[in-house]
Amino acid sequence: MNQTRQQAEQARKAFLKLSTSVDRTAILNDVGAALGKNAKAIFAANERDLSEAKGSLAEPLYKRLILNESKLRDVVDGITQIAKMEDPVGKVIEETELDEGLILRKVRTSIGVIAAIFESRPDVVPQIAALAIRSGNAVLLKGGREAAHTNDALGDAIRDALARHGVQDAVQLVSTREEIAEFLKMDDLISLVIPRGSNEMVRTIQQSTKIPVLGHADGICHVYIDEFADVDKAIRIALDSKAQYPAVCNAAETLLVHSRFAGREKVLEALTAAGVELRDSGFGSEYLDYIMNVKIVSGLDEAIDHIHRFGSAHTDSIVTENEENARRFLNEVDSAGVFWNASTRFADGYRYGFGAEVGISTNKTHARGPVGVDGLLIYKYHLIGNGHIVATYTGENAKPFRHKRKF
């Protein structure tokens with residue numbers, strides 16, 4: 001047996017234990033404490049990564065690589081939030097009485113072993129690990145080479161905490177692309193692949209495996225300023241959506257402005273003053289930088305058509321005081337997140353109250369939008385009877401089912 005398959009089998013065994021017979025809340029609390037305890041070593045590892053990456057990494061990716069005290073504090077706060085959640089594994093979400101003494105229950109259950117592949121951001125390691133632990137899943141994590149030292153330091157702290165509960169292999173770091181290529185063939189052991197990164201990387205993974213892939217290829221988000229928008233709100237939302245932190249997938253890449261919006265120049269001047277380069281071409285591009293496309297549109301219909309043509313079904317926002325236009329936008333824009341008078345930057349698992357996210361899905365099956373604990377759970381059916389057999393309910397004298405929904 002090769003080492004890669006052995007690693008996947010160890011993850012599978014850890015998943016079976018993590019999802020059934022350990023205190024996941026206690027594990028999460030220990031993981032948060034371990035990260036705080038090992039902060040000095042984590043920051044030293046991050047400094048090493050930053051030093052090695054300086055000058056060789058694009059500025060947006062370099063910024064994502066930074067893991068400082070405030071970012072680690074946010075990570076630990078997120079883990080604390082996840083630990084405080086009610087444990088969802090095993091929760092009955094539907095119960096139906098099929099007949100007297102014959103009860104069907106729909107029960108939340110873990111997915112299994114997840115392979116998560118991501119670039120640059122080392123804070124993804126503890127975020128995904130925490131969500132996997134809460135949902136009872138094992139996870140194989142492959143980060144970018146540029147964050148290797150930080151990822152190793154974070155992984156060591158997390159695995160030390162897991163080891164105290166006998167599930168050390170529930171979180172494992174993967175070193176090479178070759179290992180990932182091997183894992184992508186193991187549909188008998190790995191249940192889900194979650195890629196976070198470039199369009200090219202995500203599409204390559206989708207084409208390289210039979211395992212279900214949960215992810216998005218682009219973050220091409222729009223802000224549409226309607227004819228009836230409040231000028232101050234339009235400025236605040238456009239600035240926050242683009243310039244608050246442009247190197248992330250929920251930052252807006254295109255500003256659509258109604259031709260009759262009176263405050264157009266004020267909004268554009270505010271963006272320019274914030275250092276944003278405005279362009280009137282390149283629609284459909286994901287810049288992840290202080291660059292924003294601007295298009296003047298004739299109205300709501302043209303704005304929605306533009307979003308559907310050039311967007312990536314991630315997150316799009318309308319700024320307006322006209323409720324009818326807002327409702328149309330919310331109902332008609334086919335994206336994972338559709339906002340009214342709010343920045344696209346709110347499309348985030350932590351801000352949604354999920355504690356963290358494994359990514360933002362633009363899929364239309366299983367999970368969509370920021371994927372937190374719920375998106376890492378599936379369900380199974382428990383049927384509890386008392387000698388019931390199908391023959392009782394077939395034939396001329398068949399007994400009718402009750403199909404009485406209890407909840």
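How many nonpolar, polar and charged residues does the lining of the largest pocket have? By class, that lining has 13 nonpolar, 11 polar and 13 charged residues; Ala, Val, Leu, Ile, Met, Phe, Trp, Tyr, Cys and Pro count as nonpolar, Asp, Glu, Lys and Arg as charged, and the others, Gly among them, as polar.

The model is predicted, so local features need pLDDT of at least 70 and side-chain atom pairs count only at pLDDT 80 or more, while totals for chains, interfaces and linings use all residues. Residues are numbered from 1 along each chain as its sequence is written, and side-chain values use heavy atoms, with hydrogens and water left out.

**Pockets**

The largest pocket holds about 870 Å³ of space. A pocket is, on a 1 Å grid over the protein atoms alone, an open set of points where a 1.4 Å probe fits, with protein on both sides within 12 Å along at least five of seven lines; lining residues have an atom within 4 Å of a point. A volume is the space filled by probe spheres set on the points, which are joined across faces, edges and corners. Of its 37 lining residues, Arg121, Arg196, Tyr245, Val248 and Asp348 are the closest to the centre of the largest pocket. Helix H5 (69-84) is among the elements that each supply at least two lining residues, and the largest share, 4 residues, comes from H5. Helices (H or I, at least four residues) and strands (E, at least two) are DSSP runs, numbered from the N terminus.

The second largest pocket has a volume of about 540 Å³. Its lining comprises 24 residues, of which Ile117, Glu119, Lys142, Arg177 and Met201 are the closest to the centre.

**Salt bridges**

The structure holds 25 salt bridges, each a side-chain nitrogen of Lys or Arg within 4 Å of a carboxyl oxygen of Asp or Glu. Three of these pairs are listed here.

| Pair | N to O distance |
|---|---|
| Arginine 5 and aspartate 188 | 2.3 Å |
| Glutamate 94 and arginine 405 | 3.6 Å |
| Lysine 233 and glutamate 321 | 3.1 Å |

Lysine 233 lies in helix H10 (residues 231-243) and glutamate 321 in the loop between strand E11 (315-319) and helix H13 (323-332), so this pair ties together parts that are 88 residues apart in sequence. Lysine 233 is partly exposed at 35% relative accessible area, as is glutamate 321 at 43%; buried means under 20%, exposed over 50%, and partly exposed in between (1.4 Å probe, protein chains only). Elsewhere, salt bridges that share partners join Glu97, Asp99, Glu100, Lys399 and Arg402 into one network.
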